[in-house]
Amino acid sequence: MDEQQNIAVIGLDDFNLEMLRTVRDAERYNFSGLIDYDQIVNPEKYPVEDFIHDAQYGMDEVPGGLQAIVGHWDFPTTSLLPILRDRAGHATPSLKAALMCENKYGTRLATSEVAPELTPPFALVDPEDDALLDDPPLPYPFWLKPVVAFSSTLGFRVDGREDLRHALREIRNGIGKFAEPFEAFSQRATLGDQRALLRGRYCVAEGIIAGRGCTVEGYVQNGEAHVYGVIDSLRAPGGSSFTGYVYPSNLPDDVLDHMRQKSCELATHIGLDNTPFNIEFLWDEERDDLKLLEVNARISKSHSPLFYLVEGASHHEVAIDVAMGKQPNFPNGGGPYNYSAKFMPRVYDSARVTRVPGQKDIERLRERFPHAMFKSHVSEGMQLEDLPNQDSYSFELGDLFLGADNYDDLNRYFHEAMHILGYRFSRKVETNYD
């Protein structure tokens, strides 16, 4: 048998360990955690120097050393990876390139340089500037977001002066959680003339764009960018909240080809190398107009079960291969379904959770849908407003993954599955599944 390979995973949890074990040759890999899940995912604060120190200790403790370090979480994982890989002597993206992806304004600058037609109007905003109320950065309406955040945290649609006043108040109160660790990473990077622009306490104002959402999954290796999958994004009416993802995309072939080409151009322009990436777009079907949302220097963990259900393996396989210097050979089409989806059951009103799915409900779900996967984010008695890192308009109850033989069955299965799971609340609430 070939020698075992040691792979460290930042913030390793049970669910993603299951996904890691679906990759080909998984029996050859020893997966171990690097920085505890609770420390890296949704903590009260991100102590960057402690993370680096603890990770270094963990790396030194692995018998035989590490052959790869991977991660699938948002900030700060994607900024830690270049530092830790460099210390281990592994091929890595630069910290500067990772920070350009983390910083929404940095991404907009890069996109405007390589593909201005994909770039909506945007402006850098200092949220402490009271003059904004009389001189807004863009014509109303627009989105206002911290340059560093994830899951739409502290992102607001601004339709007028009062919306702007509310958004600035909320952003000022919460922006430090991400801004402070971003600044700590920035001090370790060579940013040159861009240092003054890539500050963590800024916001970006973006023109409103609409259309069908989708995400390109790819990687850059030895300077060459490749795309291996495109996933459709589902949004609630009005476009304010994600409600799910579907793989593979059913967008027209010419649109898919355009996105693949632009994704590769943008990833290499930013300077990404030896890393997976995912890039989010919106396509306005009526105007045949494509616009870019954001760039991430990682796989999307939300897509892992989707690839598994259709391809027979999670795209963690790509992240592992790239980290080990191997040429990926993905996907392989060995899964049980033609289509797969992640659904995000959402509630649009504040309430107390009075019932969550129990073990018998999960068993009934899997009797009906044998490959279903489900993880609840709430517990009985919880107030929905206590959920961390939610968008500004809804509360996400959990993650539900389903497969189907055709695209149309997926949505029907979602509603049926939620009926089986049987959430209840202290009052009647609006959801995306009733």
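**Figure 1. A cluster of aromatic rings in the predicted model.** In this predicted model, Tyr46, Phe75, Phe150, Phe178, Phe182 and Phe185 are joined into a cluster through ring pairs. The count of aromatic pairs comes to 21.

**Figure 2. An edge-to-face pair of tyrosine 228 and phenylalanine 330.** The ring centres of tyrosine 228 and phenylalanine 330 are 5.6 Å apart, with 85° between the planes. Because tyrosine 228 belongs to strand β9 (residues 224-235) and phenylalanine 330 to the loop between α11 (316-323) and β13 (339-343), the pair ties together parts that are 102 residues apart in sequence. Both tyrosine 228 and phenylalanine 330 are buried.

**Figure 3. A stacked pair of phenylalanine 343 and phenylalanine 414.** The planes of these two rings lie at 10° and their centres are 4.4 Å apart, so the pair is stacked.

**Figure 4. The largest nonpolar core, with 63 residues.** Leu80, Met259, Ile270, Leu272 and Phe281 touch the most other members of this core, to which helix α9 (residues 253-270) gives the most, with six residues. Neighbours within four places in sequence aside, methionine 259 contacts Cys214, Val216, Val230, Leu251, Phe281 and Leu290. A second, separate core of 31 residues includes Phe369, Leu387, Leu402 and Tyr423.

**Figure 5. The contact of helices α4 and α5.** The axes of α4 (residues 77-88) and α5 (residues 95-102) come within 9 Å and cross at roughly 175°, which means that α4 is roughly antiparallel to α5. Thr78, Ser79, Pro82 and Ile83 of α4 meet Leu95, Ala98, Leu99 and Glu102 of α5, and the residues of this contact divide into five nonpolar, two polar and one charged.

Conventions. Residues numbered from 1 in each chain as written. Predicted model: local features only at pLDDT ≥ 70, side-chain atom pairs only at ≥ 80, totals over all residues. Heavy atoms only, no water. Axes fitted to C-alpha atoms, helices over the stretch in contact; angles between N-to-C directions. Helix = DSSP H or I, 4+ residues; strand = E, 2+ residues; numbered from the N terminus. Parallel < 35°, antiparallel > 145°, perpendicular 65-115°, else oblique. Contact = heavy atoms within 4.5 Å. Nonpolar A, V, L, I, M, F, W, Y, C, P; charged D, E, K, R; others polar. Core = buried A, V, L, I, M, F, W, Y, C linked by side-chain atoms within 4.5 Å. Buried < 20%, exposed > 50% of the residue type's maximum accessible area, 1.4 Å probe, protein only. Phe/Tyr/Trp six-rings, centres within 6.5 Å; stacked < 30°, edge-to-face > 60°.
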